[in-house]
Amino acid sequence: MRLKGLERLWKRIATSVIAAFLPEGARGERPDWRDRNYRVLFLRHDRIGDMILSTGILRAIAESYPTIQLDVLASPINAPVLRHEPYVNEVVVFDRKKPLSFPAAFLDMRNRKYDAVIDCMVTAPSLTTLLLMIAAGARYRIGVKALGNDFAYTLPVPARESADHIVDKLGALVTAFGLQPSNVDLRPRIRLTTEELERGERIWNGETDHRAPNSKRVLVNVSAGRAHHAWPDARFSAVIRAVRAKLPSADVVVVSSPADRGRAAQIAAEGGGRLVEDTGIRDAMSIVAHADVVFTPDTSISHVCSALGKPAVVLHPKGNSAIWGPYKTDGRAVDSLTASVVDISAEVASEVLLSRLA
C-alpha cells in the first residue's frame, strides 16, 4: 500500500511539472477536418482486448473524412489485431516495457509530424499516455475531459455520462470529429483473411472432420491475464463434462496461452475435450470464428467474440460485466458475487452455458 501511495505521489508531481511547461498551442481551437489532409495518431499501447474494443471507434474516426489519415500507436502484443484493417494507415509499435527505447520512439513520433493525437484513456488518466501525447508534438491534443489529464488537451470532449460499456465510453472521442456516438456504429470488428479462416476450419477439423451432423462446436479458453479472473482447473473440466453429458456429439476444444498449455492439456483430458494449440492472437481469432459458443473468463478472447459476432459465456468479477461484458452480441455474462471469479461455481457456469447451447 505504501508503494502504491508513493507511485501516486510521483505521478501527481510529474503531471504538475508537465502542466507548468505545457504550451497552450491550439487550446480551444476546433479544426475543420475537411479543409486539408490531417495526420492523426491514436494512442492504444496497452492490451489486446482494449485494442479489439477500440476498432469501432478507430473505424469511425478514420472514415469520418477522406482527409484523415489515421495511424495507431500499439503495443507489441496488440499490434497484430489491426494487421488487416484497411482504415488504418500505419501501426506504430511502442514497447513501454523498454524505457531505454523511449527517446528514439519519441523522436520518431515527432518526425512523423502528426496534426492531432488522441488519448485512448477514457476511464482514468495515464502518465505514459500523457508523455506520448506531448512527445508527438501535434497541434491538436484530444481526450475526454475531467479525468485528470484534461489540462493537456487542446480539444477536450465531454464524457458520455450515461454510457456503461467501455465501447460506448470510448465513443465520446468521435465527437471531436463532428460525429454523434449514438448515430455511429461503434461495434468492434476484426477482418480475417481467407487464409486465416481456412486455417481456423482446419484446426477444428483436425486431420479429418470427425463431427456428427449438426454437432455443436464449443470453445473453452482457460487462460486469464489477471489473478481475479482465474478460475480453478477442476471447474473447467466439470463444465466440459456437463456439456458432454447433455450433448454427447459436441466438439469441445480447449485453448490457452502458451504458459498455460500444461494445465489446458490436463483440463481437456479430465473433461473430455481436446487441446488445440494456437500460434498467437490471429490464430486464436480464426478458431473463435468457427465456434458456435465460447466459454471464457473475461479476457481478450471474450472481446474477439464481440468483434466476430460470436455468442460467448463470460465469467466476470462483481461489477465488471457492465463495462467489459459482451458488446451487442448474443452473449451471457456470469457475474461473481465478489471481486474474483473463483466464487462462481461450476454448476452455475454449466447451467448458463447449457442454456445458451440450447
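The model is predicted: local features need pLDDT of at least 70, side-chain atom pairs count only at pLDDT 80 or more, and totals for chains, interfaces and linings use all residues. Residues are numbered from 1 along each chain as its sequence is written, and side-chain values use heavy atoms, with hydrogens and water left out. The secondary structure of the chain comes to 12 helices and 12 strands. Helices (H or I, at least four residues) and strands (E, at least two) are DSSP runs numbered from the N terminus.

**Overall shape and surface**

- Along its principal axes, the C-alpha trace spans about 65 × 50 × 40 Å.
- Of the 358 residues, 51% are buried. Buried means under 20% relative accessible area, exposed means over 50%, and partly exposed lies in between (1.4 Å probe, protein chains only).
- Among contacts in the chain with a separation of 6 or more, 63% join residues 24 or more positions apart. A contact means heavy atoms within 4.5 Å.

**Nonpolar cores**

- The largest nonpolar core holds 66 residues, of which Trp33, Val40, Phe42, Phe177 and Leu219 touch the most other members. Helix 2 (residues 48-62) gives the largest share of this core, 9 residues.
- Apart from this core lies another, of 25 residues, among them Val218, Val239, Val252 and Ala349.
- A nonpolar core is a set of buried Ala, Val, Leu, Ile, Met, Phe, Trp, Tyr and Cys residues joined through side-chain atoms within 4.5 Å.
- Leaving aside neighbours within four places in sequence, tryptophan 33 is in contact with Tyr38, Val40, Tyr65, Thr67, Ile68, Ala116, Ile142, Ala176 and Phe177.

- Arginine 44 is found in strand 1 (residues 38-44) and is buried, with a relative accessible area of 5%.
- The side chain of arginine 44 makes a polar contact of 2.5 Å with the side chain of aspartate 46. A polar contact is a pair of N or O atoms within 3.5 Å; within protein, one must be able to donate a hydrogen and the other to accept it, and residues adjacent in sequence count only if both atoms are side-chain atoms.
- Beyond four places in sequence, the residues that arginine 44 touches include Asp50, Met51, Ser54, Val72, Asn78, Cys120 and Leu170.
- Asparagine 78 sits in the loop between strand 2 (68-74) and strand 3 (90-93), and its relative accessible area is 0%, so the residue counts as buried.
- A polar atom of the asparagine 78 side chain lies 3.0 Å from the backbone oxygen of arginine 44. The backbone oxygen of aspartate 46 lies 3.2 Å from a polar atom of the asparagine 78 side chain.
- Not counting residues up to four places away in sequence, asparagine 78 touches Arg44, His45, Asp46, Arg47, Ile48 and Met51.
- Asparagine 78 and isoleucine 281 are 203 residues apart in sequence, yet 8.5 Å apart in space, C-alpha to C-alpha.

**Serine 302 and the cysteines**

- Serine 302 lies in helix 10 (residues 300-308) and is buried, at 3% relative accessible area.
- With residues up to four places away in sequence left out, serine 302 touches Thr296, Pro297 and Val314.
- Cysteine 120 is buried at 2% relative accessible area, and cysteine 305 is buried at 1%.
- The structure holds 0 disulfides, a disulfide being a pair of cysteine sulfur atoms within 2.5 Å.

**Lysines with positive phi**

- Lysine 113 has phi near 55°, a positive value in a residue other than glycine. Lysine 113 is found in the loop between helix 3 (102-111) and strand 4 (116-119) and is exposed, with a relative accessible area of 64%.
- Lysine 328 has phi near 50°, again positive in a residue other than glycine. Lysine 328 is placed in the loop between helix 11 (321-324) and strand 12 (332-335) and is exposed, at 62%.
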